[in-house]
Amino acid sequence: MAEKKRIHKNKLNLYIREEMRIRCRVKDKLHYATARKDGTILYNKRIYNSPSLAARVITNHESNGWRYWRYERTPGEWVALRELRKR
C-alpha cells in the first residue's frame, strides 16, 4: 500500500503582517526562528512551509507547531503561536 504524504497548508500568513521572531525550548535550550510575512518559518538558514514542519526538525518527531513555537506578544510575555488565531 502506498504511503500517503501529508500536505501542510500554510495559514500562518493569515495572522501576521510583518516578520516576527519566534522561539521554542527543547531540553533547556532555546531555538530561535523567524516567522515571515508569507507564513513560512526561517530556521537555521532553511525555510519551512509551516510551524509544525520547523518544529519537527528540532524535536525529530511530529509536533504541533502552533503550540510549540512562541512569539513575544508584549515585552517579556512569550505565548504560543496558536494565540494569534484568537485575535
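Q: How do β1 and β2 pair, and over how many bridges?
A: They pair in the antiparallel sense, over 7 bridges. Two strands count as paired if DSSP finds at least two bridges between them. Strands themselves are DSSP runs of E, at least two residues long, and helices are runs of H or I, at least four, all numbered from the N terminus.

Q: Before we go on, what kind of model is this?
A: This is a predicted model, where local features need pLDDT of at least 70, side-chain atom pairs count only at pLDDT 80 or more, and totals for chains, interfaces and linings use all residues. Residues are numbered from 1 along each chain as its sequence is written, and side-chain values use heavy atoms, with hydrogens and water left out.

Q: Ok, back to β1 and β2. What sits between them?
A: A turn of 2 residues, making the two strands a hairpin. Lys-27 in that turn has a positive phi of about 50°. Val-26 stands opposite Lys-29 in β2. Ile-22 has Ala-33 of β2 as its bridge partner.

Q: Which strand does β1 pair with over 2 bridges?
A: That is β5, residues 70-74, again in the antiparallel sense. Arg-23 has Arg-70 as its bridge partner there.

Q: What is the strand order in the sheet?
A: β4-β3-β2-β1-β5-β6, an open sheet of 6 strands with antiparallel pairing. β4 (46-48) and β6 (77-80) are the edge strands, so called because each pairs on one side only. Neighbouring strands are turned by 40° against each other on average, direction ignored. Those angles use lines fitted to C-alpha atoms, for helices over the stretch in contact, and run from 0 to 180 degrees between N-to-C directions.

Q: How many residues lie between β2 and β3?
A: There are 5, and the two strands form a hairpin. Gly-39 in the turn has a positive phi of about 90°. β2 (residues 29-35) and β3 (residues 41-43) pair over 2 bridges. Thr-34 stands opposite Leu-42 in β3.

Q: Which strands does helix α1 lie across?
A: α1, residues 51-59, lies across β1 (20-26), β2, β3 and β4. It runs at about 20° to β3.

Q: Is β1 mostly covered or mostly open, and how many of its residues are buried?
A: Mostly covered: 5 of its 7 residues are buried. Buried means under 20% relative accessible area, exposed over 50%, and partly exposed in between, with a 1.4 Å probe and protein chains only.

Q: Which residues of the largest nonpolar core touch the most other members?
A: Leu-12, Ile-22, Ile-41, Trp-69 and Leu-81, out of 21 residues. A nonpolar core here is a set of buried Ala, Val, Leu, Ile, Met, Phe, Trp, Tyr and Cys residues joined through side-chain atoms within 4.5 Å. β1 gives the most, with 4 residues.

Q: What does Ile-22 touch?
A: Its contacts include Tyr-32, Ile-41, Trp-69, Trp-78 and Leu-81, not counting residues up to four places away in sequence. Contact means heavy atoms within 4.5 Å.

Q: Switching to aromatics. How many aromatic pairs are there?
A: A search of the whole structure finds 3. Rings of Phe, Tyr and Trp (its six-membered ring) pair if their centres lie within 6.5 Å; planes under 30 degrees apart count as stacked, over 60 as edge-to-face and the rest as tilted. Tyr-68 and Trp-69 form an edge-to-face pair, 6.2 Å centre to centre, with 90° between the planes.

Q: Why does Trp-69 count as buried?
A: Because its relative accessibility is 0%. Tyr-68 counts as buried too, at 18%.

Q: And where does the charged end of Arg-85 sit?
A: Over the ring of Trp-66, 3.8 Å from its centre. The rule is NZ of Lys or CZ of Arg within 6 Å of the ring centre and within 35 degrees of the ring normal. Arg-21 lies over the face of Tyr-32, at 4.0 Å from the ring centre.
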